[in-house]
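Here is a friendly briefing to read alongside the coordinates. Keep the viewer open and step through the topics in any order you like.

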Amino acid sequence: MSITKKIMVGVVLLVALFIMFFIRLYSSQGIGGDQVHYLVMTQSLLEDGDFDLKNDYQLKRYKTYYPDELDAHIPPKQFSKGSPRLYSLHNPGLPILIAPFMKFFGYKSTFVVMILIAFVTLLLAYQWSKKITKNPRASLIATIILFSSVFYLSLVGYIFPNLLTAALFLGALLILEKKDRSFWHIILLGFILGVGPWIHVKIMLSFATIGVIALVQIILANQKAWPR
C-alpha cells in the first residue's frame, strides 16, 4: 500500500472514530437498563473486592451515576431480597474490563472504552468480510453498511456486552481461518475462547464449538493432513 493510500485510510478511520464519539456524546440516551447493573458490579469490585451486591443496593452507591431507584438484577431462583448475599445475573467479564478505567478516570471513561471496542469490532468486521469475499471493495461497502446501521450505532459507547462479544467472535474466527498460525496465534485463540464465557454465558456453546474445530485442525496439522 502506497503512502497516499495509507494516509487516506488513516483519515477515514479517524473520521469514523470522530463520528462514533459525536453520536455517543451528543445523542446520548443516558445510562439505563443493564448498563447501570454493570456499573454496580464494577463499583462493588473496586470498593469491596467482590461481586456481592447486597450492600451496594442497600447503600444505593449507584446514586453517583443513576438518580432513580434501582432493583437488583439477580437470578430469582437462587436469590431473594432476604438472601445474605446477592450476585448479579450478569457475567462479570465486562465489569472487570472497565474496572481500571472507572477507578482512575470515573464512570464516564467507560463510554470511551465501549466506543473503542465498537471501533475494533468494525475493523474486525472488515477483515472478516475481506477474508470471506476476497473482495476489498465489497468488504468496505459491507463495513460501511454495518457502520451506518441502527442496531450498530445504538450500541456504540453503551455499556453492553454485545459488541465486545462480536469482537471476540470475529477475532476467533479470523484466527480459525488462518492457515499459517503460529504458537502465539493459538495462545491468543485460547485466551479469546476462555474470556468469552465471562462476557456472556450464552456464547459458551459457540466458543466450545470453535475450540473443538481448532483442536481438530491442530491435530490434523501435526499429522500433516491440514494444509498450511
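Helices here are DSSP runs of H or I with at least four residues, numbered from the N terminus. The model is a predicted one, and the protein in it averages a pLDDT of 88. It holds 10 helices and 0 strands.

**Overall picture**

- Read from the N terminus on, the elements run α-α-α-α-α-α-α-α-α-α.
- The C-alpha trace of the protein spans about 60 × 45 × 30 Å along its principal axes.
- Of the 228 residues in the protein, 39% are buried.
- If you take the contacts between residues at least 6 apart in sequence, 63% of them join residues at least 24 apart.

**Confidence**

- A pLDDT of at least 70 is reached by 97% of the residues.
- Confidence is lowest in helix α1 (residues 3-26), where the mean is 81.
- Confidence is highest in helix α4 (residues 93-105), where the mean is 95.

**The α5 and α6 pair**

- Helices α5 and α6 pack at an angle of about 145°, and their axes are 8 Å apart.
- The crossing of α5 past α6 is right-handed.
- On the α5 side, the contact is made by Leu-122, Ala-125, Tyr-126, Ser-129, Lys-130 and Thr-133.
- On the α6 side, the contact is made by Pro-136, Ser-139, Leu-140, Ala-142, Thr-143, Leu-146 and Phe-147.

- Ser-139 belongs to helix α6 (residues 136-148).
- Is Ser-139 buried or exposed? Its relative accessible area is 0%, so Ser-139 is buried, the limit for that label being under 20%.
- Leaving aside neighbours within four places in sequence, Ser-139 is in contact with Tyr-126, Ser-129, Lys-130 and Thr-133.
- A polar atom of the Ser-139 side chain lies 3.0 Å from the backbone nitrogen of Lys-130.

**The α9 and α10 pair**

- Helix α9 (residues 183-199) packs against helix α10 (residues 204-222) at an angle of about 160°, with the axes 9 Å apart.
- The two helices, α9 and α10, are therefore roughly antiparallel to each other, a label given to angles over 145 degrees.
- From α9, the residues making the contact are Ile-186, Leu-189, Ile-192, Leu-193, Gly-196 and Pro-197.
- From α10, they are Met-204, Phe-207, Ile-210, Gly-211, Ala-214 and Ile-218.
- The crossing of α9 past α10 is left-handed.

**The loop between α2 and α3**

- Phe-51 sits in the loop between α2 (34-48) and α3 (54-59), and Asp-50 is found in the loop between α2 and α3 too.
- Phe-51 has a relative accessible area of 19%, so Phe-51 is buried, given that buried means under 20%.
- Asp-50 counts as partly exposed because its relative accessibility is 29%.
- Which residues does Phe-51 touch, not counting those up to four places away in sequence? They are Met-41, Ser-44, Leu-45, Leu-86, Tyr-87, Pro-92, Pro-95 and Ile-96.
- Phe-51 and Ser-88 are 37 residues apart in sequence, and their C-alpha atoms are 7.7 Å apart in space.
- Asp-50 and Tyr-87 are 37 residues apart along the chain, with 9.6 Å separating their C-alpha atoms.
- A polar atom of the Asp-50 side chain lies 3.3 Å from the backbone nitrogen of Asp-52.

**Positive phi values**

- Most residues other than glycine have a negative phi, and that is the background for the next points.
- Lys-60 has a positive phi, near 55°, and is a residue other than glycine.
- With a relative accessible area of 34%, Lys-60 is partly exposed.
- What is the phi of Lys-134 near? The value is near 60°, again positive in a residue other than glycine.
- Lys-134 has its place in the loop between α5 (109-133) and α6.
- Lys-134 counts as exposed because its relative accessibility is 64%, and exposed means over 50%.

Terms used. Residues are numbered from 1 along each chain as its sequence is written. This is a predicted model: local features need pLDDT of at least 70, side-chain atom pairs count only at pLDDT 80 or more; totals for chains, interfaces and linings use all residues. Side-chain values use heavy atoms; hydrogens and water are left out. pLDDT is the predictor's confidence in each residue, from 0 to 100. Buried means under 20% relative accessible area, exposed over 50%, partly exposed in between (1.4 Å probe, protein chains only). A polar contact is a pair of N or O atoms within 3.5 Å; within protein, one must be able to donate a hydrogen and the other to accept it, and residues adjacent in sequence count only if both atoms are side-chain atoms. Contact means heavy atoms within 4.5 Å. Axes are lines fitted to C-alpha atoms, for helices over the stretch in contact, and angles run from 0 to 180 degrees between N-to-C directions. Angles under 35 degrees count as roughly parallel, over 145 as roughly antiparallel, 65 to 115 as roughly perpendicular and the rest as oblique. A crossing is left-handed if the near helix is turned anticlockwise from the far one by less than a right angle, and right-handed if clockwise.
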